[in-house]
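Here are my notes for you to read alongside the model. Have the structure open and follow along point by point.

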Amino acid sequence: MIHPSHNVKSRVAAISIFASASMAAAKFAVGIAIGSLALISEALHSSVDVVATVVTWLVVRVSDRPADDEHHYGHGKFESLSALGVIALLYVLAGGILVESWSRLSEGAPPPTLSAIPFVVLVIDIIVNFWRARALHRTARDTKSQALAADALHFASDVLGSIAVMIGLGLSALGHVWGDAAAAIGVAVMISVLGLRLGRSTVETLLDRAPAGVSEQADAAIRAVPGVIDIERLRVRMVGSTHFIDAIVQVPRTFPIDRVDGIKRKAQEAVAKAIGDADLTFTAIPVARDNESVRERIMVIARNSGLAIHHVTVHDLGGKLTVSIDLEVDGDMALTAAHDIAHELERNIREEFGEDVEVDTHIEPLEPELPVGTDAAPDRVEVIKAALSRFAGDGAIHDIHNVRVRDTEAGEIVNFHCRAAPSLSVIKVHENVDEIERALRRAFPTVKRVISHAEPPHAE
């Protein structure tokens, strides 16, 4: 897919070709006719601009191609290389102008034949080049194209060069025979200065110097994303108009993978909003936060070992930490193997918290992901519902509803909803519901598991 800026850059470059060629031909013809080295030099400078513009037009058709198997960062560096080539042409031209100017000054060459025509041509050239320089500079800034930036500088130098030529011709008209040669030297000096300015930025890009201010903008954008703890390293390089950013970012180790992925997406969006055309490589480094709870740290230890645990209970008994864990393993696993897994988990916990930590692990069979089951008969559901209502009585839990009973290979699974006073705490609700569940399992030994959902009055 062609980059959206491709058509803009190509169109602006194509318009410049026609304008450059027309003005160069006009200045060259008039310069030969009146014998003005300054005007001929400016015409040759414009001729180099024609070559530069053609090169620019060709290069921008390549530089915006997407990355491929051989160019992983795209083709943007072609613009930098073309800019270096144009700079070399400018310096060759500047050197030739200086040599010829010195020769004319040394030999005392006659001044050019003056008329209104060269001044009219130069005024038109100034107007056209000023318009083109502004248009190209604006497009180069918007698309971050070094090739168009080089073209804009050429036309800006044409404006200054044309002004210098007019001054030189004016001096010649006033009787200063050296005016034309001096103006040519002025054109050569301006070409050299502008080439140096462009060459510096182009070389910096080829050497992967970070663009000014971009690292700070990217750093601030990434740090503003919720979940980012710190940035270990951030590197920026520019290829064509695209900023390639590599960031190593610290995130909480307790976050699940999908949440970390969400942080990455938000960071990309934030960087693109702050900088524009950006390609972010985000490497997440999980780290422990200062406010991690003991339970969270234990969950991380289990997850890193690929173990399923639940019902983690932590107590502080006079400075001594006690931990109780329910560990789920394959129900068909031999006790020896299961005990070894539990022992390893306990050892890892002690390494984290100290050898004096008391750890007890309850081993239980891992529930199958998709147990096969069927809905129980309606009569059975009514029996279970009546029992649940009887066990609830007139206590804090009432309005037993939405009762479902499923028969599975492991036994019956019962789900039900109930209501409780909205002022009750979660602990109190859980205690009351848990008592009902235990009573149901005692009354119906075939019930394997009871799942309750307590809700305030009038909840959906």
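**Notes on the model**

1. Let's start with F28, which sits in helix α1 (residues 5–34). Helices here are DSSP runs of H or I with at least four residues, strands are runs of E with at least two, and both are numbered from the N terminus. At 37% relative accessibility, F28 counts as partly exposed; buried means under 20% relative accessible area, exposed means over 50%, and partly exposed is in between, using a 1.4 Å probe and protein chains only. The C-alpha atoms of F28 and A43 are separated by 5.0 Å, although the two residues are 15 apart along the chain. Leaving aside residues up to four places away in sequence, F28 touches I40, A43 and L44, where contact means heavy atoms within 4.5 Å.

2. A quick word on what you're looking at. This is a predicted model, where local features need pLDDT of at least 70 and side-chain atom pairs count only at pLDDT 80 or more, while totals for chains, interfaces and linings use all residues. Residues are numbered from 1 along each chain as its sequence is written, and side-chain values use heavy atoms, with hydrogens and water left out.

3. Now find helix α9 (residues 294–304) and helix α10 (residues 335–353), which pack at an angle of about 135 degrees with their axes 10 Å apart. The axes are lines fitted to C-alpha atoms, for helices over the stretch in contact, and angles run from 0 to 180 degrees between N-to-C directions. That makes α9 and α10 oblique to each other; under 35 degrees would be roughly parallel, over 145 roughly antiparallel, 65 to 115 roughly perpendicular, and the rest is oblique. On the α9 side, the contact is made by V294, R297, I298, I301 and A302, and on the α10 side by L345, N348, I349, E352 and F353.

4. Stay with α9 for a moment. What do its buried residues pack against? I298, V300, I301 and A302 are buried in α9, and the buried residues of this helix pack against β4 (308–317), β5 (320–329) and α10. Just after α9, G306 takes a positive phi of about 70 degrees.

5. Next, strand β8 (residues 397–408), which runs antiparallel to β9 and is joined to it by eight bridges. Two strands pair if DSSP finds at least two bridges between them. The two strands form a hairpin with two residues between them, and V405 has V414 of β9 as its bridge partner.

6. D399 is partly exposed at 38% relative accessibility, and N402 is partly exposed with a relative accessible area of 40%.

7. Finally, is strand β9 (residues 411–420) mostly buried or exposed? Nine of its 10 residues are buried, so β9 is largely enclosed by the rest of the structure. β9 also pairs with strand β10 (residues 447–455) in the parallel sense over eight bridges, and the bridge partner of I413 in β10 is R449.
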